[in-house]
Amino acid sequence: MPLDASFVGRSWAPRTYAVGREKVREFARAVGATDPVHTDPDAAQAAGHADVVAPPTFPVVFTWDATREVVDDPALGLDFARVVHRDQSFELHRPVVAGDVLTTVVTVDEIRELAGNDVVTFRCDVTDPEGTTVLVSRATLVGRADG
């Protein structure tokens, strides 16, 4: 069954996430980011940051939660048991640091069919409390065809 094309262009309610120091440290260890700015507040401050700096892919921690709300909507028609993650990108406007309070708005950018598979691209616009863009994330998922 094809995905519901009426989802293209729709955005979902904003979701807020407070970036915690320990979450940044845990993520840095998990992905092997060894630069001390990711784990040591003194090193981060010496480098000009307010607190530890999240590795560039850290935003997946909170953007995926926001995206999952759309993915799990039965009206979309995506069978998550058949999904593969095709692509992910992060356009960082500034580093994410512990202490940030960030808001994510998810929008469905594109839905298409490719070789019988459903392909959906999500965009996450992430802003700070002043409304300034911190990053834009895009993720493409493929719902594999039966067979």
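Two strands are said to pair if DSSP finds at least two bridges between them. The helices (H or I, at least four residues) and the strands (E, at least two) are themselves DSSP runs, numbered from the N terminus. The structure is a predicted model, in which local features need pLDDT of at least 70 and side-chain atom pairs count only at pLDDT 80 or more, while totals for chains, interfaces and linings use all residues. Residues are numbered from 1 along each chain as its sequence is written, and side-chain values use heavy atoms, with hydrogens and water left out.

The protein contains 3 helices and 5 strands. Read from the N terminus, the order of these elements is β-α-α-α-β-β-β-β. The C-alpha trace spans about 55 × 30 × 20 Å along its principal axes. Of the 147 residues, 40% are buried, where buried means under 20% relative accessible area, exposed means over 50%, and partly exposed lies in between (1.4 Å probe, protein chains only). The accessible surface of the protein is about 7,600 Å², and carbon and sulfur atoms contribute 51% of that surface; such areas come from the Shrake-Rupley method with a 1.4 Å probe, and for residues only the protein chains shown count as cover. A contact is defined by heavy atoms within 4.5 Å. Among the contacts with a separation of 6 or more, 68% are between residues 24 or more positions apart.

Strand 3 (residues 101–114) runs antiparallel to strand 4, with 11 bridges between them. One of the facing pairs consists of Glu-110 and its bridge partner in strand 4, Thr-121. Most residues other than glycine have a negative phi. With a relative accessibility of 70%, Ala-115 counts as exposed.

Strand 4 (residues 117–127) pairs in turn with strand 5, again in the antiparallel sense, over 10 bridges. Val-119 stands opposite Val-142 of strand 5, and Val-126 stands opposite Leu-135 of strand 5. These strands also form a hairpin, here with 5 residues between them, and Gly-131 in the turn has a positive phi of about 90 degrees. Why is strand 4 largely enclosed by the rest of the structure? It is so because 9 of the 11 residues of strand 4 are buried. Strand 5 (residues 133–143) is mostly covered as well, with 9 of its 11 residues buried. Strand 5 has a further partner in strand 2 (residues 83–92), to which it pairs in the antiparallel sense over 9 bridges. In this pairing Ser-89 stands opposite Arg-138 of strand 5.

Attention now passes to helix 3. Its buried residues are Phe-62, Thr-63, Ala-66, Thr-67, Val-70 and Val-71. In an α-helix there are 3.6 residues a turn, so residues three or four places apart point the same way. The cover over the buried residues of helix 3 includes strand 1 (15–18), strand 3, strand 4 and strand 5.

Thr-67 lies in helix 3 (residues 60–71) and is buried, with a relative accessible area of 3%. Which residues does Thr-67 contact, leaving aside its neighbours within four places in sequence? They are Val-106, Phe-122 and Cys-124. The side chain of Thr-67 also reaches the backbone oxygen of Thr-63 at 2.8 Å.

Beyond the helix, Leu-78 occupies the loop between helix 3 and strand 2. Not counting residues up to four places away in sequence, Leu-78 touches Leu-3, Val-71, Val-83, Val-120, Leu-141 and Gly-143. The C-alpha atom of Leu-78 is separated by 8.3 Å from that of Pro-2, a residue 76 residues apart from it along the chain.

Technical notes. A polar contact is a pair of N or O atoms within 3.5 Å; within protein, one must be able to donate a hydrogen and the other to accept it, and residues adjacent in sequence count only if both atoms are side-chain atoms.
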